[in-house]
Each structure stands twice: as structure tokens, then as C-alpha cells.
Amino acid sequence: MSKPLKNLHHLQNGSILEVKSKFDAEFRRFSLDKAELSRYEEFCRLIEKFHNIGEVPFSLCYTDPIHGDLLPINNDENFARAVQSARPMLRLLIQRKGDSREELNGFGAPGASRKKRFLGQYLLPAGVRTARPALSISLPEDFRQVSSIIDVDVVPDTCRRVRLVKHGSDKPLGFYIRDGTSVRVTPHGLDRLPGIFISRLVPGGLAEGTGLLAVNDEVLEVNGIEVGG
């Protein structure tokens, strides 16, 4: 009766470290006394023994219980940090030297981020995994309209209909016009007709800012009213 009571006392005081480790497809789960384990090298020897990998060069990572990231264990300092972060279990990933993308690219590097988070979430218990936030999409009438090309399925390919949105501003559209001559196809063939063209864009104006209009563009209609000859 005394031994189970002693183990229960250790668990309640937090002196027992519960460890779950993974190497390839093999999982191990064991308990260690924190007071008897304080150095990284000692811990590595225990891992070699439990997984029977004495001849295999390997690297150790543990799962951050808060963010699910994989963090390295390669010295006494971050080994102590890993032990302190165990809540309530230390979850280890054992990888062969050279197989770890984090080891090659650096922990926290962009190239390692996706794999790191995937493995971290894989080792976390189901109840700890972070759920994706729900997307909130507004109604179409709540969207802010922007300047754009519209009616692309109605307007001929040689033309484009542009909507410039001022959003309550009193600023002008931001372009100047000039008279000119436009070559168009008529029932009598090609003909030269008078037209209206953009001569200049106001720097910083609405037309220039949208990038939808350019100098020498011909203006055919404004607000549905034809302005050409």
C-alpha cells in the first residue's frame, strides 16, 4: 500500500514528469522523477534506452502546450524550460538527424512554419487543439463600393465601362478632356467622327488613383449619356 500512496503524493506535488514520445511510428509513454533528472545528456540517454536508438543520431523537440509550436531540446537550459512547461505532460518528437526541417532552416523560420505547426497540433491532445475562428461575412449591401470596370459582358471588347466612386467626397473626377477625331465603323465603312478624349489626369486625383483611365482614352458616355459626335 505504501508505494502507490507515495506515487500519488509525488503526482500531487508535481515531482513526477509524465512523458509521451514519438519516434517514426513508435510511441512511448513513461514517468520520470524530476528530482533525479536535471541534465540534457541524461535525458537523451533515457530516450535512447526507451526507444532502443542508441546507434541512431537524433534530435529532440517538444510541443509548446500553449501555442502548439515545436521547440528544440538541445541543452540544459531549454530542457529545463521544456520540463517546466509540461502541463501536465511533456510531449516529445524524436527525429533522425538531418530529417528535421526545423533543424535545417532554423526554428521559427518561414520554411519550417507549416510543418512545425502540423506536427505540434498532431502531438497535442484533441481538447487542446485550437479551433479555427469562424468567418464573419457581411451582407452585400454593407460592402463599400470601389471604382471598377463594370458590365464586361455587355460592353463590346473594344470598350470598357468604368465606375468611379467618390465616397461622398467633393473632389472632382480628376481628368481634363479635349476634342478630337475618332475612327469608327459606320454603315458606309470607316469614317472619321468628332470625339471627346482625356487630355490630362490630375496628379493624386480620383481617375489617376484608380488606374482605370489613361491619357488619350476616348470618352463615349457619362452617366449613360453619349457625349461623342
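**Note on the predicted model**

1. V183 counts as partly exposed because its relative accessibility is 48%, and the exposed class begins only over 50%. The structure is a predicted model. V183 belongs to strand β8, which covers residues 175-186.

2. V183 also takes part in a nonpolar surface patch, together with V185 and L190. The accessible area of these three residues together is about 340 Å².

3. The chain has 229 residues, of which 30% count as buried.

4. The protein chain contains six helices and 12 strands. Among its contacts with a separation of 6 or more, 46% are between residues 24 or more positions apart.

5. The largest nonpolar core has 22 residues. Those that touch the most other members are F43, I47, L60, I73, L90 and L92. Two or more residues each come from β1 (16-23), β2 (26-33), α2 (40-51), β3 (58-63), α3 (76-85) and β5 (89-96). Helix α2 gives the largest share, four residues.

6. Which residues does L90 touch, leaving aside those up to four places away in sequence? They are L17, E18, V19, K20, F43, Y62 and A82. One of them, F43, is also listed with L90 among the core residues that touch the most other members.

7. There is also a second, separate core, made of six residues. Its members include I196, I198, L213 and V219.

Note on methods. Residues are numbered from 1 along each chain as its sequence is written. This is a predicted model: local features need pLDDT of at least 70, side-chain atom pairs count only at pLDDT 80 or more; totals for chains, interfaces and linings use all residues. Side-chain values use heavy atoms; hydrogens and water are left out. Buried means under 20% relative accessible area, exposed over 50%, partly exposed in between (1.4 Å probe, protein chains only). Contact means heavy atoms within 4.5 Å. Patches are made of residues with over 30% relative accessible area and no salt bridge: like charges are joined within 9 Å, nonpolar side chains (Val, Leu, Ile, Met, Phe, Trp, Tyr) within 5 Å. Accessible areas come from the Shrake-Rupley method with a 1.4 Å probe; for residues, only the protein chains shown count as cover. A salt bridge is a side-chain nitrogen of Lys or Arg within 4 Å of a carboxyl oxygen of Asp or Glu. A nonpolar core is a set of buried Ala, Val, Leu, Ile, Met, Phe, Trp, Tyr and Cys residues joined through side-chain atoms within 4.5 Å.
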